Amino acid sequence: MNDGNCIFCKIARGEIPSSTVYEDEEFRVILDLGPASRGHALILPKNHYKDICDADRETAGKLFPLAGRIGAAMKKGLGADGFNVVQNNGASAGQTVFHLHVHVIPRYEGGPGMVSWEPGKAAPEELTETAEKIRESWE
């Protein structure tokens, strides 16, 4: 299942050259052309899914272990001190290419870190109500 017009499908299939870090039958991991840090990689499923909600459970379940392996290789091979695993899901969350992909971003001591957010506050009643809405919508 591939979208013929999707740039990430074309990269995952090898139709567009990329700096490939890892490849197997289901995934291609490439270096990002606009890296947040040296070694910033993208995990691309070879099948087209618009986002994590669209992916089958088997594919989605393989993303985190693969991200961990890539991150460990970044620590060993690049001397990264840590790494971020990021999946932007939907335009409002920063997704710009609508082909499921996971960013693995190595972080180096003294370098820029992950963009942070200002922690908010929520009353216990609000947390209870919010949790209930999510539970009721669970599929």
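**Figure 1. Lys-62 and its salt-bridge partner Glu-26 in the predicted model.** With a relative accessibility of 28%, Lys-62 counts as partly exposed, and in this predicted model its side chain forms a salt bridge with Glu-26 in which the closest N and O atoms are 2.6 Å apart. The pair links distant parts of the chain, since Lys-62 belongs to helix 2 whereas Glu-26 sits in the loop between strand 1 and strand 2, 36 residues apart. Glu-26 is likewise assigned to the partly exposed class, at 31% relative accessibility. Side chains of opposite charge can pair when their charged atoms come close.

**Figure 2. Overview of the chain from which the close-up views are taken.** The chain contains three helices and five strands, and from the N terminus on these elements follow one another as α-β-β-β-α-β-β-α. Taken along the principal axes, the C-alpha atoms fill a box of roughly 50 × 40 × 25 Å. Of the 139 residues in the chain, 32% are buried, and among contacts between residues at least 6 apart in sequence, 52% join residues at least 24 apart.

Figure 3. The five strands form an open sheet in the order 1-2-3-5-4, with antiparallel pairing.

**Figure 4. Pairing of strand 4 with strand 5.** Strand 4 and strand 5 (residues 102-107) are paired in the antiparallel sense over five bridges. The bridge partner of Gly-82 is Arg-107, which lies in strand 5. Strands of a sheet pair through backbone hydrogen bonds, either parallel or antiparallel.

Figure 5. Strand 1 and strand 2 form a hairpin with three residues between them, and the two strands, which run antiparallel, are joined by three bridges. Arg-28 counts as buried because its relative accessibility is 10%, under the 20% limit, whereas Glu-23, with a relative accessible area of 40%, is partly exposed.

**Figure 6. Ala-12 and the residues around it.** Ala-12 lies in helix 1 (residues 7-12), and at 1% relative accessibility it counts as buried. Leaving aside neighbours within four places in sequence, Ala-12 is in contact with Glu-23, Arg-28, Leu-44, Pro-45 and Lys-46. Between Ala-12 and Val-29, which are 17 residues apart along the chain, the C-alpha atoms are separated by 8.2 Å.

**Figure 7. Asp-51, a buried acidic residue without a salt bridge.** Asp-51 is placed in the loop between strand 3 and helix 2. Although Asp-51 is buried, it has no salt bridge, and the nearest side chain of opposite charge, that of Lys-50, is 4.2 Å away; this separation is not within the 4 Å required for a salt bridge. A polar atom of the Asp-51 side chain lies 3.0 Å from the backbone nitrogen of Asp-54. Beyond neighbours within four places in sequence, the residues in contact with Asp-51 are Asn-89, Gln-95 and Leu-100.

Figure 8. The structure holds six salt bridges, one of which joins Lys-133 to Glu-129, with the closest N and O atoms 3.3 Å apart. Both of these residues lie in helix 3 (residues 124-136), where they are four residues apart, about one turn of the helix. Glu-129 counts as partly exposed, its relative accessibility being 47%. Elsewhere, salt bridges that share partners join Glu-23, Arg-28 and Lys-46 into one network.

Technical notes:
Residues are numbered from 1 along each chain as its sequence is written. This is a predicted model: local features need pLDDT of at least 70, side-chain atom pairs count only at pLDDT 80 or more; totals for chains, interfaces and linings use all residues. Side-chain values use heavy atoms; hydrogens and water are left out. Two strands pair if DSSP finds at least two bridges between them. Buried means under 20% relative accessible area, exposed over 50%, partly exposed in between (1.4 Å probe, protein chains only). Lys and Arg count as positive and Asp and Glu as negative; His and the chain ends are not counted. A polar contact is a pair of N or O atoms within 3.5 Å; within protein, one must be able to donate a hydrogen and the other to accept it, and residues adjacent in sequence count only if both atoms are side-chain atoms. Contact means heavy atoms within 4.5 Å.
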